[in-house]
Amino acid sequence: MANNKNFSVIGTRPPRVDAAEKVTGRAKYGSDAQLPGMAYGKVLRSPHAHARIVSIDTHAAESLPGVYAVVTSADLLSAEERAARVAAEDWGFLAACDQTLAHDKVLFAGQPIAAVAARTPTLAEQALALIAVEYEVLPAVVDVLDALRDDAPLLHPGLRTRSLAAPSEQPSNVAVYAQQLKGDPAQGFAEADVIVEREFRSLMVHQGYIEPHVSTAEWNADGKLTIYADTQGLFAVRDQVVWLLRLPMSDVRVTPLEVGGAFGGKNNSYVDVVAALLARKAGRPVKVTMGRADTFLGTGPSSGTVIRLKLGATREGRIMAAQAALYYEVGAYPGSLAGSGAHVMFGPYVFPNAQVDCYDVVVNKPPTASYRAPGGTPATFAMEALVDELAEKLGLDPLDFRLLNSVRNGSEDLDGDLYHHIGGVEVLEAAKAHPHYTAPLAGPNRGRGVAHSYWGNWGARSSCTITVNPDGTVGLVTGSVDITGTRTSVAMQAAEVLGLPLERVKSSVGDTDSIGYSDVSAGSRTTLATGTAAIRAAQDVIAKMSARAATIWEVPAESVTYQNGVFAVAADAEKRFTFAELAAQLPNTGNTVIGVANVDVGEWGASFAAHIVDVEVDPETGKTTLLRYTAVQDVGKAIHPSQVEGQIQGGTVQGIGWALYEGYVYNEAGQMLNANLLDYKLPTALDLPMIDPVLVEVPFPGHPFGVRGVGESPILPPPGAIANAIARATGARMTQLPMTPAHILKQMGKI
Amino acid sequence: MASVSIPSLMRDLTGGLARVEAPGRTVAEVVDALNVAYPGVKARLCEGVRLMAGLAVSVDGRLTRLGLQQPVGPQSEIRFLRASEGG
């Protein structure tokens, strides 16, 4: 199917199925949930980055008229239950409880301590101020390298480094240590003519979704719980709630509402359990809405990093060896992102010899979470900045150097696995052929930079049902929350198979009671995996309708064909039904036709991107202005090209935010100094040129239409491309994100 | 016999060997066989009857959700990799 160019629906640009509701302001987001008698919840957070909780006194808050409930960790886990979990060494569960409502210790400023449900949000805020918490403040560690020191405060005295190496009994702030080793790096560097080496740093960065997390919980009279959630995964919320509240899965129904931005940050559940606890205690529905400061302090940003990288190449331009050490802040609780960063940064090129050491380090900051290509953006920045410097030292064109070293089908990665069906070379060649790359760039203080990137993508589990209505329309339901327009792109794939125009496919997202299990909408997987489920469900519909036609016509089922929207029997021209004609016959000839599919997609195609950017740097102020931006990407097959272009533009803008503007700023005590959107700057339209997306289609054969994930790749190249453009404009190499005017002037030797 | 890539941090157990062979019809059986030849391998890779948290296994170049229960062919190639996530 992938090479079939005669698509009716695939590759067209219809209006998104959710467009009218959204542009008219009628779409129902999490904060639009409104239930009779509903109360409003607010969360009290620790002002300290590291402290022991001596006592919590909630009496004054509970006495305030209009307050319905106050909850603390004791409402989540009784003393007896906690003792039993401690005895069972169930540390994962206890850590999840402490991140929901801290028990005896806080490990980051912003950690939840207590929550209040009240008649109004203002009353809830007033009640929070009446909760008296006594802390014993402990020394905090907020820098990843400081956390590695022998005398660093230990966040978790029981934490031992998880690693495949010989186990250590020494407690450590290193949560995970991993290593990849290929060939003989020392020999590779010995054979290199040119070696470059730098240390790169980046700050924690937030996903920056416009809609903060919100959850509304309601306990029914029968003891069942319904949650109206703001999430990337309805089943992820259900699983978190039943785990922490120890409920049967069948007692919890999660209904997803529209999502106002997520980018990986809503894979995790932050306020759903709190809302459920408050609603249970208050005896009424409760909606908990985070504010912007709550969102910065109390949800998971991406890691701050230190990356040391060394590359060596021959004078002909062959990379011979690499050595890297990646130190990633994972926040206050153990996690793992450095390995993902290493996988991404070493993905685009052939490295005959390499050693990569990855350290995930706990620090007194919010526990990190996924953010669009998790772990990959600072790692790609480091690799692309140093690859560019190497090309410059060799006197080679930066794209030619990348092409010379690019992975191809059959190349071996650092783990020994082989690349297959990739489009990295096609992307680089498209970038080189793009008019932008050779356009004159006149004027002083201007430079053009490029960067390349790799992202692995994902598949996983998705479910879909398609119900045929007697009027010839169909209802398609999936379990995949729509964060990127996937109701449309998934429905388009079903419409193509069904031979129907898109407007006859009503596409919606079910709740956890109405659709089969589906993994989170993340990892650039939904159009691929849920699209596969929709294709299979549509094929199931065709098979069942063909069987029904055979019954009506009294012919063998295998004699019925379906092409161009018509069921027919080749040997008898009289036997012919359009889809709608047969649909109309269904109620009188048997049961409703429902196509069902439940897939676990185990193969997916990687995505490569190459970006070109022109910048102008003010040599007096260090301010960088973006003049022109082109983003080339292998998208497999663009189901809905406008949506794919939108993904590339949006991801690129977020990468520009990483490059120039965004970052958590902390004081030494571990308190964030810019937890608002004035001091934490997101890129706006005023900061940006047109982002010109270029779609390269190298179909992935594992999907019937050739789809590969597109959402995450575009965030990866911007910091490297912009750094390289700044280097061309100023002669100075950049080594940190964000590349603030101060950093640029410092690297230029002006301050 | 299946061919197993030994992660670099575990090569202290295999005398520096990066690739070894071991019999077995599943990943679990291969790990058990490895543990006989190279004591300590199982404790590094497994937590009880599961792979260590954060670890994934690929058989013949394909990641598997079955983990230790994944069937293994006589010529299979097995690699232990980091599990990763998406945003």
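What share of contacts in chain B between residues at least 6 apart in sequence join residues at least 24 apart?

Solution. Two residues are in contact when their C-beta atoms, placed from the backbone, lie within 7 Å. Among those contacts, the share is 42%.

A note before going on: this is a predicted model, where local features need pLDDT of at least 70, side-chain atom pairs count only at pLDDT 80 or more, and totals for chains, interfaces and linings use all residues. Residues are numbered from 1 along each chain as its sequence is written, with chains lettered from A and ligands numbered from 1 in the order in which they are written.

**Exercise 2.** Work out the strand order of the open sheet in chain B.

Solution. Start with the terms: helices (H or I, at least four residues) and strands (E, at least two) are DSSP runs, numbered from the N terminus, and two strands pair if DSSP finds at least two bridges between them. The 5 strands go 2-1-7-5-6, with mixed pairing. Strand 2 (19-22) and strand 6 (62-63) of chain B sit at the edges with a single partner strand each, so one side of each has no neighbour in the sheet. Next, strand 1 (residues 2-5) of chain B joins strand 2 of chain B in the antiparallel sense over 4 bridges; B:Val4, for instance, has B:Val20 as its bridge partner.

**Exercise 3.** Find how the elements of chain B follow one another.

Solution. Count 2 helices and 7 strands. From the N terminus they run β-β-α-α-β-β-β-β-β.
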